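Here is a quick walk through some local geometry. Have the viewer open and follow along.

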Amino acid sequence: MAAIALHLDHRPAETPLVLLPPFPFDARFWDAVRALLTDLPVVVADPPGFGDSAAPAELAQSVGEEETPALTIYARGIAAALDELGVERIVLAGLSIGGYSAMAFAELFPQRLAGIGLLDTAAEEDPEQKKADRREMADTVESGEDPGEILLESLPNMVSAATLEEREDVTSTLKGWYAEAPAAGVIWSQRAMANRPGRLQVLRGLDIPALVVRGAEDAVSSAESAEAMASALGTNVVEIPDAGHLSGVEAPGAVAAALRDLWERAVR
């Protein structure tokens, strides 16, 4: 059994759209988007240490990498899970750490990509202060602090003002998911994000249909980062109004429409 869990309704008969969720969530993050794409072959992954996926150390061992947290471990785990499923080429899209991981996959397995979607993410490596903040969170959780309590403090920066003030259905769901975030997954993800290199040059080397999405009120991933990725990929930024960093749950209709367009350009 693959160490990265893939969730799908049935074995894809054609090139699937594979979705990678943001930190610190599992495949459920994409439920509202998936509900709007039931006619497409959609596959959703659980990140290392989340949902039904293996613990990070077990995953690293299964793909033959060192245990030092790195998004290449996740990328290799996705490739192995796809192999087990009998799938070669995919349209891969990820939000936030899902986008970072999609770029790691693109670096390792460019021949397997029919298209790529990068949502509320960035191709450059973190500045030193952000790396330090990530490692501090990992250390704090490792010392025994409740990750849910720490993560909950970040919610106002994760969504738009409109979502925070008017969308109790969304914020309540997010709070529940934050409370369930597994410590091992949180620790590994923060360290893997801090360790990641810039991959703008990887994007420049791709010649496939591409999508860059950004919530207009994203306080985490900048407009400049989105424009840099779009320029490298030869596309334009799709900006979603009244959405922040977690556009997939804030505006699932707009995100689903953008992903559908990407898949259709890549496959048909």
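Where is the place of D120? D120 sits in the loop between β5 (113–119) and α5, where helices (H or I, at least four residues) and strands (E, at least two) are DSSP runs numbered from the N terminus.

## Ground rules

This is a predicted model, so to speak of local features we need pLDDT of at least 70, and side-chain atom pairs count only at pLDDT 80 or more, while totals for chains, interfaces and linings use all residues. Residues are numbered from 1 along each chain as its sequence is written, and side-chain values use heavy atoms, with hydrogens and water left out.

Most residues other than glycine have a negative phi, and most peptide bonds are trans. D120 has a positive phi, near 45°, and it counts as buried because its relative accessibility is 1% (buried is under 20% relative accessible area, exposed over 50%, partly exposed in between; 1.4 Å probe, protein chains only). D242 also isn't a glycine, yet its phi is positive at about 60°; look for D242 in the loop between β7 (237–240) and α13 (247–250).

The peptide bond from F23 to P24 is cis, with omega near 0°. P24 belongs to the loop between β2 (17–20) and α1 (31–34).

## Aromatic rings

Searching the whole structure turns up 5 aromatic pairs (ring centres of Phe, Tyr and Trp, the latter by its six-membered ring, within 6.5 Å; planes under 30 degrees apart are stacked, over 60 edge-to-face, the rest tilted). F25 and F29 are stacked because their planes are at 15°, with centres 5.7 Å apart. F29 and W30 go edge-to-face, at 5.3 Å centre to centre and 90° between the planes.

F25, F29, W30, W177 and Y178 form one aromatic cluster. F29 is buried at 1% relative accessibility, and W30 is buried at 0%.

## Two helices crossing

Helix α3 (residues 71–85) packs on helix α4 (residues 97–108) at about 70°, axes 8 Å apart (axes are lines fitted to C-alpha atoms, for helices over the stretch in contact, with angles from 0 to 180 degrees between N-to-C directions). α3 and α4 are therefore roughly perpendicular (65 to 115 degrees; under 35 is roughly parallel, over 145 roughly antiparallel, the rest oblique).

Contact residues (heavy atoms within 4.5 Å) include L71 and Y74 of α3 and Y100 and F105 of α4. R196 lies over the face of Y100, 3.6 Å from the ring centre (NZ of Lys or CZ of Arg within 6 Å of the centre and within 35 degrees of the ring normal).
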